[in-house]
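Thanks for making the time this morning. I would like to walk you through how two parts of one chain meet, and then look at a couple of individual residues.

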Amino acid sequence: MAAKAASNLGYIPPDGGWGWAVVLASFISIGFAYAFPKSLTIYYKEIQEYFSVSYSQIAWVSSVMLASMYAAGPVSSILVNRYGSRPVVMVGGLMVCSAMVLASFGTSIVHLYLCVGVIGGFGLAFNLQPALTIIGTYFHAKRPLANGLAMTGSPVVLFTLAPLNQFLFDSFGWRGSFLILGALVLNCCVAGSLMRPQVPEDNLQGVEIQNERREKGCIDVSLFKHRGFLIYLTGNVLMFFGFFAPVVFLAPYAKHLGVDEYSAAFLLSIFALVDMFVRPATGLLGNTKWIRPRIQYLFSFAVSYNGACHLLCPLASGYVGLVVYAVFFGMAFGMVCSLLFEVLMDLVGAHRFSSAVGLVTIIECGPVLLGPPLSGALVDILGDYKYMYYACGVFMLVPGIFFFIMHYYNYKRLDEEQRQQQSAQMRTCGEAVQLKMDQEGTQE
Amino acid sequence: RSVLLLLTLYCGGVTFFFFFGGGVDYFFPIGKSHTAKVEVSSPVNLTLQCNWPQNGKQAANVTAFWRKDGRDIAGSHVTLEPEKRPFIIKDEENLGRYSCMFGNEAKVDFILAVPHVGNVRDKPLVSYVGDSVVLVCKMDDSKPEPRSWLWFRGNGTDKELIDASGEPQKYQIQNDGRAAKLHVYNLSRDDSVLFFCNAVFALGAAVGHLQLKVITVYEPLKPFVAIVLEVLVLVAAILLFERSRSKKGQPRSGPTGFGGRTVSRQRRFGHN
């Protein structure tokens, strides 16, 4: 089966026990990594006035932070390969904390780009990669569920940070809030301390693999010859052009259709709430014995479903139509996010996952950053949101179908390789038995 | 002169109308007793009309008359069409509450006032001693542009005009059509007062207020230190717990983690 062949950890992961504490730790790290850049937007209006800059200039802070987070992926992977998850996450937490503390004393917008954007972004990358990697070392049989639960950190932390940031701003202004946020993000160090490194006890093959990795200490570029990895990479690069833009434009589109500001914001809350529940549910679904062996198809379905949602969005009429769209989109988005890294682990195996995710994030950096501004340009040029939705729909439906076709082919090849391997093993076993019998024969 | 009429209907019986320019205008609030808010920025001739459709056309024995700010307007009982009356709004004292009364049972109020300053923050703005702050007042795009803006500071009745040219180290004013910005530099505890922005129209000024709160850096430092302590305690507890657990378990030679163990190739079995 594709799942078993890809494990190759060399030891039997606990699939529970301390693993659940690790899931909690990853929940926190992943939550901060994804939600932190988005939650800072609440301060932008005030900071914009303070530094007398335009809104797009201040919005760059989030973009630089996100870009740094994705670009630092390979650096994070190398460090995790060398030192394990725990130290990297703790350093990451310290980095984001110092970034926010420095930023709170900022005297110019460039100061914010460098502190919050670059240093903060790197710190978040040092949280994201290790958190994802360590789940692969603690779980195999229940890994989709563990991944789904850990990825739920993103909407939950966002949901918590939004009102919290508003409260901090009302009580302390933007400088004081940045200071306190720096302290809050230090809880990633607590998460890091929970990420106890896995020590394989009996089966020493795992230690060998770990030692090999340590010696190399770099990133595994042979992944570019890995069939599954290439399929994942190609599809994802295309998909990310259309992935985040619909979230960014949900509220503006609603306002464009005449919905008032609070109801438009409420749409985003509905979306986030649905997302929050769908992620662990998808993890559970991916764990079932029918889906697990062919989990790539579930991911392909989730991506295509996203595309279908966006293509149908322009048909939504009135607020009720938008609510329905928000619910379905929330489901689609949650499904994809829950499976996003699980399917990569499934394809390349847990021990190569660290390098794989580093390479994937730096390559995805482009589409992630370009997607929303390009969509915005599309809306501005054509004057209507529906073309943007059609474009995003296509950018998700095409990769979805691509995934279905390529994974069908990939599964067939994997099954074939598995069969060849098993028959080769049986042959060598048979030869070894024959050899032993001959030896015993000659010894007597 | 051309007339622009914008009609917005809210539930709860309050109706908003906006007027630009002069000329004769009318509007028709419909239904039972309620209030209409009218925003006027420059002198205009207004005809206010109220309908009472309960009996189709008004019953003969019920006549309407007009009041301004609670006082009867002389001569309003005797006009031929009492429900419709022209008013000349020339200056600030012509603004106020005009009521169209039907006997003693029902009335329709028209509140004439200058346009309100848009989305002013009701919670205080927080800033720090020694730092600076920018206070912003905006007039919505749908409303007329004020002639000028004035800034005041003070508590309650004690309002003093802010003269930026007189104190350039402390204040800087940037008034630009619909938006007015006041930069206050070198903040101190005494600056924790109310600031007022006045949007000046021909018929008077609309006032918006912003509360400023100046605090020292020690305020946010308290929760900061508390959270850092919490993190230190948790990290120490978790790591100590782990150390005590590994001590209780089998004694291991060498450090925990990887490294230092030799592998015998003969013990390698098939995987999974």
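Predicted model: local features only at pLDDT ≥ 70, side-chain atom pairs only at ≥ 80, totals over all residues.

As for the domains themselves, domain 1 of chain A covers 11–218 and domain 2 covers 220–423, and their C-alpha centres lie 21 Å apart. To their contact, domain 1 of chain A brings 33 residues and domain 2 of chain A brings 34 residues.

How much area is buried between domain 1 of chain A and domain 2 of chain A? The figure is about 2900 Å², and carbon and sulfur atoms give 66% of that area. On the domain 1 side, the residues that lose the most area to domain 2 of chain A are Tyr70(A), Arg143(A) and Pro144(A), which together account for 22% of what that side buries.

Counting polar contacts between domain 1 of chain A and domain 2 of chain A, with both residues at pLDDT 80 or more, gives 12 residue pairs.

Which helix gives the most to the side of domain 1 of chain A that touches domain 2 of chain A? That is H8(A), with seven residues. The residues of this side of domain 1 of chain A divide into 18 nonpolar, 12 polar and three charged.

Let me now move to chain B, where Arg153(B) is found in strand E13, residues 148–155. Is Arg153(B) buried or exposed? Its relative accessibility is 12%, so Arg153(B) counts as buried, the cut-off being under 20%. The side chain of Arg153(B) is joined to that of Tyr171(B) by a polar contact of 2.8 Å, and, leaving aside residues up to four places away in sequence, the residues that Arg153(B) touches include Asp158(B), Glu160(B), Asp190(B) and Asp191(B).

Finally, back in chain A, Leu382(A) is found in helix H17, residues 350–382, and counts as partly exposed because its relative accessibility is 46%. The C-alpha atoms of Leu382(A) and Thr361(A) are separated by 31 Å, with the two residues 21 apart along the chain.

Notes: Residues numbered from 1 in each chain as written. Chains lettered and ligands numbered in written order. Heavy atoms only, no water. Domains from an automatic or database assignment. Contact = heavy atoms within 4.5 Å. Buried area = accessible area lost by both parts, 1.4 Å probe. Polar contact = N/O pair within 3.5 Å; in protein donor to acceptor, adjacent residues only side chain to side chain. Helix = DSSP H or I, 4+ residues; strand = E, 2+ residues; numbered from the N terminus. Nonpolar A, V, L, I, M, F, W, Y, C, P; charged D, E, K, R; others polar. Buried < 20%, exposed > 50% of the residue type's maximum accessible area, 1.4 Å probe, protein only.
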